[in-house]
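Let's take a walk through this structure together, starting with the big picture and then zooming in. Keep the view open as you read.

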Amino acid sequence: MLKLISILMLTTFNISYASFSLESFCSEKILKDLPVLQNGRVKPFSVMAKENISFLSGKLMRNKVPSYSHYLCQLTFKNFSKSPIPPLMIPIDHTETRALLNVEDVKMISIEEIILREDDIKMEYMSQKKLSSYKKDLGKLLQKVEVYNNIISSQTWSTFDSSKLPVQEKNLGDAFVPLLTLLPEISMPPEQDKIISYLIENKKLFDQQNLSPYKIEILYNNLHLFDFALLLALISSLFFLFNKNKKVHLSLASGLLLLQITAITLRVMISGRAPITNMYETVAFSGLGALFICFLVYLKNNQVNYLLGGAVYNFLCLMMIRFANNMLDPTIQPLVPVLRDNFWLSTHVTTIILSYAALAISWVLANIFLLKSIFVKGFNKDNLKPFASQSYVFAKIGITLLAAGIILGGVWADYSWGRFWGWDPKETWSLIALLFYMMILHARYTNWINQERFLISLSIAFLSIMFAWFGVNYILASGLHSYGFSEGGFYFLISFFALQFSIVIIYQIKKWQTGRQAQA
Amino acid sequence: MGGFYHKIESLFGNIKFGVSTIFVFAIYLIVGTIIESYYGTDYANRVIYKSLSFQILQLLMFLSIMMATFKRFPLKKRLSGFYVLHLGLLLIFIGSLVTYIVGVDGILTMEPNLPSQEISLSEDQVQLFDANGSNITSVNLPYITMTNNLELSLGEGSPIKIKSFFSSAGKRVIWKKYPASVDTVTMGGLYNSVHLQLFNERFNEKFVLTLQNHPQFKSNLTLGPLSIHMMHENIIPCLKTQSDFFIWNLESFKCEEIPNLKEGTTKIRFKEIVFDAKKSAMPINLTGKEIPNSPYRLFNKIIFKDNPNLFVLGDSLAFFNQEEDQFTVKKMETGKFVSLPWMNFKIKPITISHTSYPEYDYYYQRPIPNAQGQFDQPLKVVKASIGEKDFWVTNERAFKIGDGMMSFYLRIGSKKLNLPYTLTLTKFNMDKNPGTNSPASYESFVNIFDGNQTQDHQQVKVFMNNPLKKNGFTFYQSSYFPIDQATYGSVLSVNFDPGRWIKYLGSLLLVFGSFWHFAVANRKKSKKSNSKPRPATIN
């Protein structure tokens, strides 16, 4: 008798399963703007899906799966549908990991195969005594398994449960529940229409509470402001380099400023804090800051060509945040306790990043001079003066801001940890950078070095800023400042240093060659 | 005299000296950050940041700045920004000097509901305690990485001398031969010592066991659920039999079977003595009182049958084999491992000896990061001596001198500062990020008991960015540590910085002076450029 009943139940189950269509349920339309809670923050479903899936597999194989939201939904509901889901492929980069998993010849391996080998990976991880790059890679793989398991068990998709109302902003976590645990109350086996209407109803109720800026985040992601800014920055830089029309310059720069101020303001509204809490944000902010500083200097001196350095540097920063996402993480994460003081965060870090921006402008101008001297015929030391004097202006601004920023950092550290200066690598390196600029300025001040040497020194001195900004996080990675540590920055820095030194060396060689030709 | 001063002024005050000093200073700092990433903050402090050469370098910078300023006397109006800026720098140096000499920087560890008043500072000391745990005297160790040429005494005219100091050390086991006066031939079993390695997939540890009374090693060890006991090898024959009890003779070092032993009995008769197996291994007389001076002891095999218990007996291992319901004895061979029946453990003897005894030997090594890349408190050792005898004192465990009431303990500890009031942690709160396990913020509720005040105590809340200030001291929420499932202890960092306001004033002057100086220079520049033709444009 029992057997008969269970067979009956199974057949009804299967019939109900057939009515649940992943294709139509998991469509962008329904899912994209749903509010979900993850990592301590309510965000749009599409953002959560993108963060999770791209963490697991990098870029999705576009031709097989329509979108991140669709795929994450499929994974969550995969037990309720008979249609097959494209396998999730994980890239394996580390050579030792590849050897362990026997995938020397392929680049990717499916998550199911990794889960089969999970115990081996754990043993290998525990047996590594030192925190080598192999151990880190294994650790990351284990993390990915955990993230995947959370997705398929619906822990990741946590939806608003209106029965938990009323709720306060700081207890939001209590009102969000994994979706599949709610389903038995809605219906089991899941009936598509019921779930859809439930989700839409709950979204309305949540929106009424006005507890979260996640709708602004939807707008922010739809506008793609930084992508437009990148395009505009490219156009502006080319115009600044080759065209002399003042009105065109001004309108391009204003447009660029406006786009980025909007983008950053939206980001501030979403995150609830100043836009300088991880590497992505500091790079984006420094790009805007440079253009802004140039604008201020232009307004004081009424010379439009002051905008050039800012536009070029802005373009470089926008390129980095668009393409270097392994190094610069665009997601918005919760802050560690010590960063939670908005006043000091806003003042100290902002001042430092603006100082980096100003010094970067002097670096850009110095390099434009060097590159033009190498590649443009007839361009030589006679064209030096405007570059040198402009660089000097921005270097002075940068140095003053840097000194002020270092001191603000000391006061914040004194207020937070009880010591003004602790020789922490980040603060020490900001001091090292300041010292290098001080040497150059002092040497220039007494004419120990001439204008040409001054300009070249400015291009090399910026490397100390790059080390203070990136090197401490990606190469040294110790001390109180390593909040946003990740891999990949090492190669970036090495290339950066090598490129800068090459430009200077080639410049010197060319100078020496032209000198010999002149003599001959 | 004036000529001499002018020489000094032009030597220290000229720009090339200034720039060179800045350059060397920057190099020191670069090296410091690299050293810190390899060997940790404490090591970097000892080598660079708190080293004598670095202090001298800072003195040279100070002189350079001061002389460069004096060189530009008498005061000129256009250099106002310059004077203010450089005065600011000088004040920062002076403030730092004041902090260095008079300031206090330490940590206060608080366990819940336990009054604390002892601040741990960063300097190391060798400390002497009496049998009750009170500190008798201590001597400061130099803040360097290591030395073999110390000539310190622990207290005025004390016989305890300190010769070497290693701020981070490694240790290894060395073996020393027993002197000829010790009969290791006939009494070999008594002098057994072993160095063993125990491991499975998750665990890998080496340890030493010895039968003799030893300041560093014991005869038994507990590792989680596993207990390891080292005993005289002569119990082996009695261990192998089926009986639940046997007698061990402390004078002859032999074991004896108990004749007529009944199954399940707990009152055991042996010759003219009685044992109560439920109470103890000591023999008792008819009234139930223990017989002192008796060489006989009862060995109860039953208590070692259920839980994992491993016996090390000479060069053999023994454990209760559940399947065969008897004790298995296996001989050990150096370098070969023996499988144990619990948790996939394997045990491998590194050294077995009854003619030599083991000792820890310490050597200097640079700090090594742990598996998470952090630098824990390292092993610190000094080599001390009393008369001709050398011995090691560490920060891991106390070294005992003397016996009973006249025992003294030596160890390396941090210098302490006692507050005139106590702080007690009554509650520790931790807020987590919603839906996660990572701490968003944490706070300590602290009771201050200041015996001088008429009111009993005050209650304050200390949390990140909200420190407690009292009597010029500032207490900051620094971190926490778990005590058990739900309770945490709190760590406050304590700071007393009388140089603070001098440094702040200096910083203000520095920034203000920079603005002023650059603004003046700018004005002069733009005045010049207005009278000249426009400079060529960039493109």
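This is a predicted model: local features need pLDDT of at least 70, side-chain atom pairs count only at pLDDT 80 or more; totals for chains, interfaces and linings use all residues.

Residues are numbered from 1 along each chain as its sequence is written, and chains are lettered from A and ligands numbered from 1 in the order in which they are written.

Start with chain A. Its C-alpha atoms fill a box of roughly 105 × 55 × 50 Å along the principal axes. You'll find 21 helices and six strands in chain A (DSSP runs numbered from the N terminus: H or I with at least four residues for helices, E with at least two for strands). An automatic or database domain assignment gives chain A domain 1 (17-212), domain 2 (224-323) and domain 3 (335-520). The C-alpha centres of domain 1 and domain 3 of chain A are 42 Å apart.

How much of chain A is buried? Of its 520 residues, 42% count as buried. Here a residue is buried if 20 or more other C-beta atoms lie within 10 Å of its own, exposed if 12 or fewer, and partly exposed in between, with C-beta atoms placed from the backbone.

In soluble globular proteins, nonpolar side chains tend to be buried together. A nonpolar core here is a set of buried Ala, Val, Leu, Ile, Met, Phe, Trp, Tyr and Cys residues joined through C-beta atoms within 7 Å. The largest one has 102 residues, and A:Ala229, A:Ala360 and A:Ile361 touch the most other members. Helix α17 (residues 342-375) of chain A gives the most to this core, 17 residues. Take A:Ala360: leaving aside neighbours within four places in sequence, A:Ala360 is in contact with A:Ser286, A:Ala290, A:Tyr313 and A:Phe462 (contact means C-beta atoms, placed from the backbone, within 7 Å). Apart from this core lies another, of 39 residues, including A:Tyr68 and A:Leu138.

Now zoom in on helix α11 (residues 192-209) of chain A. At 1.5 Å a residue, its 18 residues should span 26 Å, and its end C-alpha atoms are 26 Å apart, which agrees; the expected span is 1.5 Å times one less than the number of residues. In α11(A), A:Ile195, A:Leu199 and A:Phe206 are buried. They cover an arc of only 35° around the axis, so they sit on the same side of α11(A); the arc is that of the directions from the helix axis to the C-beta atoms. The face turned away from that buried side carries exposed residues, among them A:Asp193, A:Lys194 and A:Glu201. After α11(A) comes A:Asn210, with a positive phi near 55°.

Finally, meet chain B. Where the two chains touch, the contact takes 48 residues from chain B and 55 residues from chain A. On the chain B side, α2(B) supplies the largest share, 13 residues. The residues of that side divide into 24 nonpolar, 18 polar and six charged (Ala, Val, Leu, Ile, Met, Phe, Trp, Tyr, Cys and Pro count as nonpolar, Asp, Glu, Lys and Arg as charged, and the others, Gly among them, as polar).
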